[in-house]
Number of protein chains: 2
Amino acid sequence: MSTLVQKYGGSSLANRKKIEKVADRVQKAWDEWERVVVIVSAMGDTTDELINLAHEIADDPDPREMDMLLNTGEQISISLLTMALQKRDIPAVSLTGSQLGVATTDRHQKARIKDIDQDRVQEELDRGRVVVAAGFQGVTEDNEYTTLGRGGSDTTAVALAAKLEARCEIYTDVAGIHTCDPGLVERARCLEKISYEEMMEMASLGAEVIHPRAVELACKYEVPLYVGDAFSQDEGTDIGEETEYLEESVITGMAVNLDDIQINLRGVKKRKDMLSKIFETFGEAGINIDMISQLMNGENKMQLSFTAPAEDFQETEKILKSREQSWNVKNWWINEDICKMSVIGPGMRSQPGVAASVFNLMQQYDIMVRMVTTSEIKISWLIPTADHEKAAELVAREFDLAD
Amino acid sequence: MSTLVQKYGGSSLANRKKIEKVADRVQKAWDEWERVVVIVSAMGDTTDELINLAHEIADDPDPREMDMLLNTGEQISISLLTMALQKRDIPAVSLTGSQLGVATTDRHQKARIKDIDQDRVQEELDRGRVVVAAGFQGVTEDNEYTTLGRGGSDTTAVALAAKLEARCEIYTDVAGIHTCDPGLVERARCLEKISYEEMMEMASLGAEVIHPRAVELACKYEVPLYVGDAFSQDEGTDIGEETEYLEESVITGMAVNLDDIQINLRGVKKRKDMLSKIFETFGEAGINIDMISQLMNGENKMQLSFTAPAEDFQETEKILKSREQSWNVKNWWINEDICKMSVIGPGMRSQPGVAASVFNLMQQYDIMVRMVTTSEIKISWLIPTADHEKAAELVAREFDLAD
C-alpha cells in the first residue's frame, strides 16, 4: 500500500497561520495517498527558548533533564497540527516519540535510533488516520526520554519511511537543493534530482537543507527522498539512486563554507604514529576534522594542514598549546581567513579535467589556492575569505550552475 | 521509613527566581526527611497559554489532543526544578505522570486515577534520589496521556502520599486555611488545624486553597495533609482526623460565595417522581446543584428553590424553557443577585443554637435571608449580594473568626 511520510521543520510551524498552511498541505497529501504520516519539529524558536530557560537555572544542565525539557517542544507541535487537521475533518492522531516506538540508545541529547516498533503507527494507519508524530524524540529500554541531536527530525522521518517502505518528503523554508547558494550566486538553479552520494557531500558542505545523517540513512535503506519548500508549489528536489543521463553535466553543485578554520603545523618530526595520534586527539575532543593535507619538508620533518569548524577554535588552540612539545611541532598557526569551496558531481569520475579547470580559473583571476583535497566526486579548496564571492561567480559560470 | 510528598502549584513556579526558592525549600525537606517526592504543576500561566494556543487553531479541540498539549506544561516544570536541585548537589530525577505510573481512566481532560504503580518511584527513592514528578497527568492502559482536570495536581500528590504512606504538604500562594476570606474580613485567622470533614465543606464553598477532591482522597486514606505558603516561614494549616478540644470553638470558619445563582420554580404540580426528574436533568447536563429547598403550596402544588454555579446560567435557562411544559411549572425565575454564606464547625453538633444566632443577626441588621439549608456541621443561607460585606463582618464578629 502506498505510504507517504512528510516532515515539516520548525520554521514551517512557527505560528498559527503556518500550522494552518501545513494542514492544507497535509490535506492535499491525504487526498492523494492511501496512508500519510507527518513528522514535525518544535514550533519556530521553541527549542532555543527551552534551552535558554534551562541555562537560566543551570550552566551545565543534566542531559537527561534537557531531554525531558526539549521533548515538550515537538509534543506541542503534534497536538496543534492534529487539531488543525481534525478541523478539516481529517481523522488524525498525534503520537510522541515514545508512542511512535522510536527505541534509541541511552545517550541523552545525542541518542541514536536502534529500531522503530511499528505496531502503534500501523494500527493507527489501518484505522484510516493520519499519524502526526514527534520527530527528534525517542525512548530507551528503561522508558527514559531521549533526543536525537542535530538533524533528529529528518532522521526520524527517514527511519520511519524506511520501516514503512514509504516515500519521504522533507519540507523546509527553501525551495530544494540548489546548484549553489542563491544568496551568493544569483540565479542558482534548483536541482530536479540528485543522488544520495552527491547529496551527502552537499549536505556536509553547508547546504543545510537536510542533515547528512538523514541522507545516509535514506541511502542505506533506499528511501525515495524529496526536499522542498513547505509553502510553495514550486517543484523541489528528488534524492535517490544515481541515474545516468546521456549527456551528464560534470558538476551538480557547488558549496561555499565560511565557517572553517585552517590549522597548520610545521616541522613536525616524522614518526610512524604521529598522524593517527594527532587526529585521535582531535576526535576525542569531538572536533570534526575535514580537509587534510600532508607533505614532507626535507628528510625527517613533515608539514600538516587540516580544517576544522570555526566554533572549535578555542578548543583547537588549547590542544595545540598543550601538545606542541609531545608532538614535536616546531611551529603552528591557525588561519581564520579562509573560505572552503567545493564542487560536487559524479561526472568528475569520467572527466578528469575538473581540477585543472578550477586551478586555471583561480590563477587567471589571481585567487590564491591555499589547500586542495579531492575525492571521487568532489574537489575542495581553500581560498582567502575576501575572494569568495568572486570565486563563486566564476565557478558557477564555468560549470553552468546558474541560469 | 519516613517519606514526605510536597506539592508546589503553578504560581510558586512562575519564573526562575521562584523555582530557585522552591528548590531551597525542597533542600530543607531533603535535610530533614529520609525520602522526598515533589509534585509540581505547570509554571505560572503556562496551562492557560497552551489552552489559548489550541483555541487559536480549533474552537472545540479534541480532548485527547488537549491532553497531549497540556501534558507539556508540567514536563517543563519537572525538568527545570530537577536542574535547580542538581545544582544544589541534591540527587534528583524528574518523572512524567506516565513514568510515575499514574494509571487513569480514559476520560480525557477529566481522567480519574485508578492506581499508581510505585515501582519506578520506589526504585528512585531507594537510590537516594529526590523524585520530582508531574502532577495533573496520567496514562491509560493503551499508553494514552490524560489529565486529571481541576485539582489534578493536588490529587496526584495526595494519591501518591497515600501509596507511600507519606505526609503530604501542599504549597500554594496563601498562608493556609483561614477562618474566612482575608480579603473580605480583616484579620481573619489562619487555622492551625482543621478536620478533613470541615475542610471538604470549606473547600467546596470557595476557600479554594486545596481541591475538595484531594481532601476527600486524603480523608479516605488518612493521609496527613498540610497546606501552607510556599514562600513564607509562617505556619500553615494541618488537615487530619477530627480532634476534640476541651473547649471547642463552635464555628471553624465561614465561606462567602458570590458565584451562584438561585433557581425558583413555583406552582409545580405534585408528582412522586418530579423532584428526581428535575435533578436528573440538571445532573445529566453537568450542572452541579447545591442548596435545595422545597415547600408545598396548597394541596397539589410545590415550590422549589435551588442554587447552581453562575457559569451555568445559560444552560440552566435553556433547560427550564424547554421543560416548563412537561414539568408542569407555572412560573419560574432565576435570581442572580445572591450571595451564599456558610458557617462550618463540628461544634454545631453539640450546640444547636448556631442557626438561631445567624438568623437573629441577619434580622437585627435588616439583611434578608432568602433560603437556608443545614447539614451536621454546616449552615448555608442566601442573602442579597449588596449585603455580603456587612454580613461577613457581623458573622466573623459573632463567632470570633477574626482577631
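Buried area is the accessible area (1.4 Å probe) that two parts lose on being put together, summed over both. With that in my notebook, I looked up chain B against chain A and found about 3,200 Å² buried between them, 60% of it on carbon and sulfur atoms. On the chain B side, Ile57(B), Glu65(B) and Met83(B) lose the most area to chain A, together 22% of what that side buries.

A note on what I am reading: this is a predicted model, where local features need pLDDT of at least 70 and side-chain atom pairs count only at pLDDT 80 or more, while totals for chains, interfaces and linings use all residues. Residues are numbered from 1 along each chain as its sequence is written, chains are lettered from A in the order in which they are written, and side-chain values use heavy atoms, with hydrogens and water left out.

Next I checked contacts (heavy atoms within 4.5 Å). I found 39 residues of chain B in contact with 39 residues of chain A.

Then I turned to salt bridges (a side-chain nitrogen of Lys or Arg within 4 Å of a carboxyl oxygen of Asp or Glu). The two chains have two salt bridges between them. I looked at Glu144(B), which pairs with Arg120(A), the closest N and O atoms being 2.7 Å apart.

Which helix of chain B gives the largest share of the side that touches chain A? I found that helix 3 of chain B does, with 17 residues. My helices are DSSP runs (H or I, at least four residues), numbered from the N terminus. By class, this side of chain B has 18 nonpolar, 11 polar and 10 charged residues; here Gly counts as polar, and Asp, Glu, Lys and Arg count as charged.

Last, I looked up how the copies are related, superposing them by least squares on the C-alpha atoms of residues with pLDDT of at least 70 in both. A rotation of 180° with 0.1 Å of shift along its axis puts chain B on chain A, at an RMSD of 0.2 Å. That is the relation of a two-fold axis. The same surface serves both copies, as 100% of the contact residues of chain B recur in chain A. I also noted Thr72(B), which of the residues of chain B comes closest to the rotation axis, at 2.5 Å (C-alpha).

Key: Helices (H or I, at least four residues) and strands (E, at least two) are DSSP runs, numbered from the N terminus.
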